[in-house]
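Open your viewer and keep the selection panel handy. We will go from stop to stop, picking out a few elements at a time and looking at what surrounds them.

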Amino acid sequence: MGTKDDFLAALRMGFEEARADGVILRPVELVVREAIGLPRLEAQNTIDGYRALVEAGVLCVIGPLITDNSLALAPVIEAAGVPAVTWTGTDRYHGAYCFNLGNGGLAEEAAIMAAWIRRQGHKTVGMIHEISPGGVEYASNFRHYAARAGLEVLIEAYTTQMPDDLEAVLRKIRDQRPDCLAYLGYGYPTILMGPMFPSLGWDPPRIMTTAFQFCYAKPEWMAALEGWYGIDQMCEQNPRLGPVLDRFAARVGARRDHTVTALSYDTARLIAEGIGRANLLTPRGVKDGLEKVRMLPAVNGGPRTHMSLGPYDHKAYKGDWLLVRRIVGGKTVFVDLYEP
């Protein structure tokens, strides 16, 4: 069972439990269209996938799940008038039918990373950011919050999302001898860095964005990211997390204790609340219903995380929904909630 299967199984569990709890009065059918867009392929694939779901008559779309595709799709969503709940982190995905249950926040992550680096006593940082819409937005925010924290960005380096000579980039930063390393972007290059640090004789304290969550996809990726700190959402201090993970393990026959499970479950429960509050079961009705959701307890994030939406507020997660974890011995461990 892979990450995609976990995603779909957690969604189905969330909708089924919402029906059992009386939030919705009839079952929800998931209509699945897999569309691989940016950065691996084209944004048009994502647009075509969304339009196929609209033609199929869905009430709400879950996805896309990546910032670049969300930006490309936003005007299409507005034209079609079928709400889409994405996991994007950008502030530039917005509109009457654009909703977000962030798997991260490009501004929020930068603030947490800069504050955490400074609290560790580091004074200088080497920054890598990707040449991409998300990478540029991350970097702009990180510069601001680093300055606020009294943290000097000693050197900036750049990489593509599918890099050619990543070791040269790391060598360039190493030679400037910053106290630590910060990575800002979608994150695939970090998986390739694992063997490069030993070959460079360099083992800096290092922190990355929610790209950290690649570690949950494959065991070899967990190993490649050993030692990294990163922004995550799964928090054992949240009293709602453990019971959901236990029920999910019983459902699929294996432990899937990672953010995708919790975030998928929260996504289903949020949409179920929107359906339950819809005056009419149409896309417009579900859009209006989502805007009435308030103070819905979340499984993802820290113990104070909840989901609330409104007519001019389409970012659902509120509270301590982002936090710091680290990979130690082939597993992630909780490090800290955000403290400025």
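Start by selecting helix 10 (residues 241–252) and helix 11 (residues 259–276), whose axes come within 10 Å and cross at roughly 95°. Helix 10 is therefore roughly perpendicular to helix 11, a label used for angles of 65 to 115 degrees, while those under 35 count as roughly parallel, those over 145 as roughly antiparallel and the rest as oblique. Axes here are lines fitted to C-alpha atoms, for helices over the stretch in contact, and angles run from 0 to 180 degrees between N-to-C directions. Now show side chains: Leu241, Val244, Leu245, Arg247 and Phe248 of helix 10 meet Thr261, Ala262 and Tyr265 of helix 11. Contact means heavy atoms within 4.5 Å. By class, this contact has six nonpolar, one polar and one charged residues; Ala, Val, Leu, Ile, Met, Phe, Trp, Tyr, Cys and Pro count as nonpolar, Asp, Glu, Lys and Arg as charged, and the others, Gly among them, as polar.

Before moving on, a word on what you are viewing: this is a predicted model, in which local features need pLDDT of at least 70 and side-chain atom pairs count only at pLDDT 80 or more, while totals for chains, interfaces and linings use all residues. Residues are numbered from 1 along each chain as its sequence is written, and side-chain values use heavy atoms, with hydrogens and water left out. Helices (H or I, at least four residues) and strands (E, at least two) are DSSP runs, numbered from the N terminus.

Next, colour the strands of the open sheet that runs in the order 5-4-6-7-8-12-13, with mixed pairing. Two strands pair if DSSP finds at least two bridges between them. At the edges, each pairing on one side only, are strand 5 (152–159) and strand 13 (331–337). Neighbouring strands are turned by 25° against each other on average, direction ignored.

Zoom in on strand 4 (residues 124–130), which pairs with strand 5 in the parallel sense over seven bridges. His129 stands opposite Tyr158 in strand 5.

Is helix 4 largely enclosed or open, and why? Eleven of its 14 residues are buried, so helix 4 is largely enclosed by the rest of the structure. Buried means under 20% relative accessible area, exposed over 50%, and partly exposed in between (1.4 Å probe, protein chains only). Among the buried residues are Glu109, Met113 and Trp116. Just after helix 4, select Gly121, which takes a positive phi of about 90°.

Ile327 has Thr332 in strand 13 as its bridge partner. The two strands form a hairpin with two residues between them, and Gly329 in the turn has a positive phi of about 60°.

A second open sheet has its three strands in the order 1-2-3, with parallel pairing. Its edge strands are strand 1 (61–62) and strand 3 (98–100). Ile62 has Val85 in strand 2 as its bridge partner. From there, step along to the cis peptide bond between Gly63 and Pro64, with omega about 5°. Pro64 is in the loop between strand 1 and helix 3 (67–80). Another cis peptide bond joins Leu38 and Pro39, with omega about 0°.

**Around helix 12**

Select Lys287 in helix 12 (residues 283–290). Lys287 is buried, with a relative accessible area of 10%, and touches Pro83, Ala96, Tyr97 and Phe99, not counting residues up to four places away in sequence.

Move to Glu291, in the loop between helix 12 and strand 9 (296–297). Glu291 counts as buried at 9% relative accessibility. Leaving aside neighbours within four places in sequence, its contacts include Ala96, Phe99 and His314.

Finish at Met295, in the loop between helix 12 and strand 9. Met295 counts as exposed at 57% relative accessibility and has a positive phi of about 50° although it is not a glycine.
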